Amino acid sequence: MKTEEFNKYLEEYKVQIDAKLREIVSGTNYSEQFRKVLEYALFPGGKRLRPVLCLEWHNVFAPADEYALSFACGIEILHSYSLIHDDMPCMDNDDIRRGKPSVHKKFGEGVALLAGDALLDLAYKVLYAPTPDSEVGPFYLYSAMCGDEGLIKGQYADLYGNIETRDGLTEMYKLKTGALITLSCICGYALGNNLNYKTCKKITECLRDNITDSEIVPDDRRLLDYVMVTGFGDSFGTAFQLYDDITEYIDGETIGKTNIMNYTDLDTAKRMLNSKLNDAANTLDIVNGDTAFLRELLNKFVIV
């Protein structure tokens with residue numbers, strides 16, 4: 001995929017996502033004043049990486065619909081709640097987020113705490129909505145990736161885990177940053193294949209228990225694609241954080257922050273990043289669908 005075509009698709013995604021996010025927030029019963037706080041946290045939206053990944057993985061297998069767009073926005077709302085809490089003085093204590101004062105600096109800590117809680121609640125409201133077929137969607141199965149198997153577990157490790165090694169750091173990154181990225185990918189895969197909660201549960205149980213009985217296991221293609229999508233998310237999630245670390249180091253913005261450069265030198269960090277990107281790209285060789293957009297996305301994070 002050429003860069004011009006990639007940028008066009010990416011901009012179309014962002015326009016759709018932003019419009020749906022505004023619609024979701026405007027549909028809440030909060031006061032107009034508090035809705036403005038939520039909008040402040042959500043806009044402008046940076047890369048919108050997580051909803052884009054969800055929608056694109058959906059499109060690899062089948063065209064995304066309105067339900068998928070709403071679902072992808074639910075993941076972005078989850079991400080935004082985590083940023084509000086991350087920035088607060090009791091955690092990362094960041095005054096700036098996406099080029100403007102972080103929510104607690106703009107509105108105060110009490111409002112920021114409530115805004116984060118409100119976005120978390122709103123995200124679950126969107127993500128747990130039944131599918132168009134009135135079935136339970138895939139998020140129910142993977143919600144632990146926001147808690148004890150992912151995001152919050154990783155945040156706790158970052159704050160209190162006393163990380164001493166490079167491997168320990170990348171494992172924390174896989175949880176804190178990578179979990180929502182992997183979640184975006186596998187939920188897009190599930191929606192693109194019209195898989196409800198029961199089918200997703202069956203696939204994950206088969207993989208976990210190494211079941212090979214043909215009467216129990218879904219067809220091999222589904223299993224293989226699931227493994228590749230998950231592998232992509234895991235590898236790209238870690239690569240994304242390594243890219244962020246390296247660019248912050250180059251820009252001189254690492255003081256007081258957890259960063260891979262505290263554990264290794266720049267050349268090694270670059271090799272780690274590009275190795276993870278290669279791992280993600282290798283999964284795309286096996287996935288049964290058009291992955292040109294995803295390949296071009298990976299190229300955007302290569303550092304030589």
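The following legends describe close-up views of a predicted model.

Local features in this predicted model need pLDDT of at least 70 and side-chain atom pairs count only at pLDDT 80 or more, while totals for chains, interfaces and linings use all residues. Residues are numbered from 1 along each chain as its sequence is written, and side-chain values use heavy atoms, with hydrogens and water left out.

View 1. Helix α6 spans residues 109–127; helices here are DSSP runs (H or I, at least four residues), and they are numbered from the N terminus. Its 19 residues reach 27 Å from the first C-alpha to the last, close to the 27 Å expected at 1.5 Å a residue (the expected span is 1.5 Å times one less than the number of residues). A112, A115, G116, A118, L119, L122, A123, V126 and L127 of α6 are buried; buried means under 20% relative accessible area, exposed over 50%, and partly exposed in between, with a 1.4 Å probe and protein chains only. Seen down the axis of α6, these buried residues fall within an arc of 165 degrees, so they line one face of the helix (the arc is that of the directions from the helix axis to the C-beta atoms). An α-helix has 3.6 residues a turn, so residues three or four places apart point the same way. The face turned away from the buried side of α6 carries the exposed residues L114, D121 and K125. The buried residues of α6 pack against α1 (3–26), α2 (32–42), α4 (66–87), α5 (103–107) and α7 (139–142); contact means heavy atoms within 4.5 Å.

View 2. Two packed helices are described by the angle between their axes and the distance between the axes. Helices α3 and α4 pack at an angle of about 150 degrees, with their axes 8 Å apart; axes are lines fitted to C-alpha atoms, for helices over the stretch in contact, and angles run from 0 to 180 degrees between N-to-C directions. That makes α3 roughly antiparallel to α4 (angles under 35 degrees count as roughly parallel, over 145 as roughly antiparallel, 65 to 115 as roughly perpendicular and the rest as oblique). On the α3 side, R50, P51, C54, L55 and H58 meet A68, L69, F71, A72, I75, E76 and H79 in α4. H58 belongs to helix α3 (residues 49–61) and counts as buried at 5% relative accessibility. Beyond its neighbours within four places in sequence, H58 is in contact with residues including P63, D65, G188 and Y189.

**View 3. Helices α10 and α12.** The axes of α10 (residues 178–192) and α12 (residues 220–250) come within 8 Å and cross at roughly 150 degrees. The two helices α10 and α12 are therefore roughly antiparallel to each other. Among the residues making the contact are I181, C185 and Y189 of α10, and Y226, F232 and F240 of α12.

View 4. Helix α4 packs with α8 (residues 151–160) at about 15 degrees, their axes lying 12 Å apart. That makes α4 roughly parallel to α8. Y81, S82 and D86 in α4 meet L151, I152 and Q155 in α8. A157 is also placed in α8 and, at 21% relative accessibility, counts as partly exposed. Residues up to four places away in sequence not being counted, A157 touches N162, I163 and M172.
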